[in-house]
Amino acid sequence: MTLRKWLLVLSLLTPGIGLIVAFIGVAVYIAAAQSFGYYNLAGESSFSLEFWDRMLDRKVFSRAVMYSIYIGVISAFLSVAFAYPLAIWLRKPFPGSLAIGAMLKAPLLVHGLVVAFLFINVISYHGILNQLLQGIGLWDEPHRLQNDRNAIGVLILQTWKNMPFALLLLTGAVQSISDDVLNAARDLGAGSFDRFRKVIAPLTVSAMQAALIIIFIGALADFSFQVIAGPTNRQSLSQLMVFFKDGGRWNDAAVVGVSLMIIAIAGSALLAAVSRIVMRGRIA
Amino acid sequence: MSAQRLNQILLVLLVSLTAIWLIVPFSMAILWSLVDPAEPWTADKLVPPVMSFYRWQDMWENSSLQTALVNSYLLAPSAAIAALALAMPTAFALGRIRFPGREVCKILALLPLIVPPFVTSIFFTSMLYQLGLHTWRFGAILFAHAIVFMPYAIRIMTVSFEQVRSDHIDAARDLGASAWARWKVAYLPALKPGIFASLLIVFIQSIEEFALAFIVGSPDFTTIPTLLYGTLGQDFVRPNAAVLSLILVVPNVILMLILERLLKSANPALSSGKG
């Protein structure tokens with residue numbers, strides 16, 4: 001390529017990718033710098049490890065890390081686990097399959113905050129679920145279901161919101177497997193579980209990894225579901241970061257933010273590796 | 001035909017499950033939004049005893065709903081146009097010029113989707129404070145939305161540019177068309193569905209965006225999601241939250257349906273012919 005062409009490409013990329021890299025780069029850079037004591041909004045700025053030191057000793061921080069990882073991993077697995085059988089079922093069009101696909105993807109259209117509201121409405125103390133379970137005589141009195149200690153509410157919300165996304169990715173992947181391959185497996189005597197394990201799973205592993213990772217990062221960094229439906233005695237990392245920022249403790253917020261990004265990257269790599277080993281390992 | 005039978009059973013089961021899953025929560029929301037304050041909806045009654053549009057009217061007149069609507073519906077189209085304008089040159093380069101590092105650039109363009117939104121928001125705010133620009137909240141959020149949602153526009157427009165047929169461009173050139181005329185006859189028809197899809201998807205994303213609007217905009221700049229968040233938080237009034245939820249969800253569903261139609265119509269229109 002000539003110098004002239006390079007200059008043309010660079011000038012074309014500048015307003016788009018250039019701006020993106022600069023914007024995200026600056027945000028990440030400021031987060032990293034602030035976590036080490038630079039860019040102090042109040043007081044002196046100088047290199048210091050004290051913010052990391054103190055944060056790592058805080059119980060609230062380690063609890064938030066564990067809690068966010070728990071939400072991220074379980075939500076990603078549940079969403080994919082529900083989406084797989086549905087994607088395989090919808091692989092070949094049949095009467096009504098379009099309508100089902102549309103209904104299953106409906107949560108994609110509903111805003112997370114609205115989902116959270118609809119959900120707490122249904123599970124509230126005098127809500128329809130409590131009434132129903134009392135009506136059929138399963139419970140004697142209403143139970144408090146909102147903000148449950150194990151964050152089951154948050155997991156339900158995450159799965160409800162993210163399963164359609166996993167379904168979208170997996171449907172594409174499953175549909176691209178040709179009938180010949182599956183018929184060949186069937187002719188060779190593979191049952192439906194073997195066909196999944198030995199043919200479908202290895203061939204759709206990249207779509208599954210993409211779904212796992214994107215859902216994991218989103219759920220790991222969750223704020224609104226946690227605030228509205230999550231346990232009150234625990235904080236997610238985003239919640240903790242906002243808490244520090246609201247108190248004007250930017251350096252502490254930065255430590256949490258950088259940790260969140262490190263966990264997102266490390267966790268994604270780990271999830272990708274594990275799913276590849278599990279799905280591909282069995283082929284050998 | 002046992003597979004067909006099984007499909008039918010599964011179908012009925014799933015449709016009824018999904019219907020419950022969708023219809024119950026939404027009907028609850030609609031009913032709650034119609035509760036008249038004259039008489040509360042207690043647990044022993046199946047439907048609210050008195051129903052009226054009082055809550056809708058009250059929210060319209062006495063909350064920041066109007067400001068939030070104006071903010072959201074000004075912000076979203078501006079962000080959509082800005083994102084598209086910024087994405088066009090990059091999409092052209094990625095779609096029509098072969099250069100080393102093109103695949104890396106395509107991945108780099110997805111960066112905003114990978115970094116957690118609250119990290120971006122908080123440290124973007126921090127940067128605004130350093131620069132002393134934190135007072136112009138509308139501009140700051142607009143700028144951030146345009147960049148954060150640009151990946152969608154870049155992705156869609158790159159595909160659109162790839163699908164512009166070279167023989168159309170060459171034919172136009174051979175017939176003596178100027179650069180502008182070539183753009184109009186060869187590029188624009190192929191790009192149109194992509195342009196609409198990009199505008200619509202950034203619009204929807206911006207209307208729904210919460211983290212940036214909440215962090216950069218707090219305390220005095222409200223959009224519909226931040227207003228809903230407020231109603232769900234410390235001053236939780238169930239009927240009011242129901243009104244806001246419905247206001248947020250209905251236009252989006254309509255827009256998404258248009259988007260789906262657009263994306264579907266985009267394919268056959270573009271892949272016809274041998275390319």
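Trainee: Which residues of α12(A) are buried?

Mentor: This is a predicted model. In α12(A), the buried residues are Leu237(A), Ser238(A), Gln239(A), Leu240(A), Met241(A), Val242(A) and Lys245(A).

Trainee: What makes a residue such as Lys245(A) count as buried?

Mentor: A residue is called buried if 20 or more other C-beta atoms lie within 10 Å of its own C-beta atom. Lys245(A) is listed as buried, so it meets that cut-off.

Trainee: Why is α12(A) called mostly covered?

Mentor: Of its 10 residues, 7 are buried. After α12(A) comes Gly248(A), which has a positive phi, near 75 degrees.

Trainee: How do you know which residues of chain A and chain B are in contact?

Mentor: The test is whether their C-beta atoms, placed from the backbone, lie within 7 Å. By that test, 55 residues of chain A are in contact with 58 residues of chain B.

Trainee: Which elements of chain A give two or more residues to that side?

Mentor: They are α1 (3-35), α4 (97-105), α5 (112-123), α6 (128-135), α11 (224-229), α12 (237-246) and α13 (250-281) of chain A. The element that gives the most is α1(A), with 17 residues.

Trainee: What classes of residue make up the side of chain A that touches chain B?

Mentor: That side has 44 nonpolar, 10 polar and 1 charged residues. Residues such as Leu, Val and Phe count as nonpolar, while Asp, Glu, Lys and Arg count as charged.

Trainee: Where in chain A does UniProt place the feature "transmembrane region"?

Mentor: The unreviewed UniProt entry places it at residues 6-32, 64-88, 108-128, 199-221 and 253-274 of chain A. In the model, residues 64-88 of chain A are 100% helix and 0% strand, with end C-alpha atoms 36 Å apart. Residues 199-221 of chain A are 91% helix and 0% strand, and their end C-alpha atoms lie 34 Å apart.

Trainee: What helices and strands does chain B have?

Mentor: Chain B has 13 helices and 0 strands.

Trainee: Why is chain B called more spread out than a compact globule?

Mentor: For 275 residues the globule rule gives 19 Å, and the radius of gyration of chain B is 24 Å, well over that value, so chain B is more spread out than a compact globule. Its C-alpha atoms fill a box of roughly 75 × 70 × 30 Å along the principal axes.

Trainee: How much of chain B is buried?

Mentor: Buried residues make up 41% of its 275 residues.

Definitions and conventions. Residues are numbered from 1 along each chain as its sequence is written. Chains are lettered from A and ligands numbered from 1 in the order in which they are written. This is a predicted model: local features need pLDDT of at least 70, side-chain atom pairs count only at pLDDT 80 or more; totals for chains, interfaces and linings use all residues. Helices (H or I, at least four residues) and strands (E, at least two) are DSSP runs, numbered from the N terminus. The radius of gyration is taken over C-alpha atoms; the globule rule is 2.2 Å times the number of residues to the power 0.38. A residue is buried if 20 or more other C-beta atoms lie within 10 Å of its own, exposed if 12 or fewer, and partly exposed in between; C-beta atoms are placed from the backbone. UniProt positions are given in the numbering used here, feature names are shortened, and annotations may be inferred rather than shown by experiment. Two residues are in contact if their C-beta atoms, placed from the backbone, lie within 7 Å.
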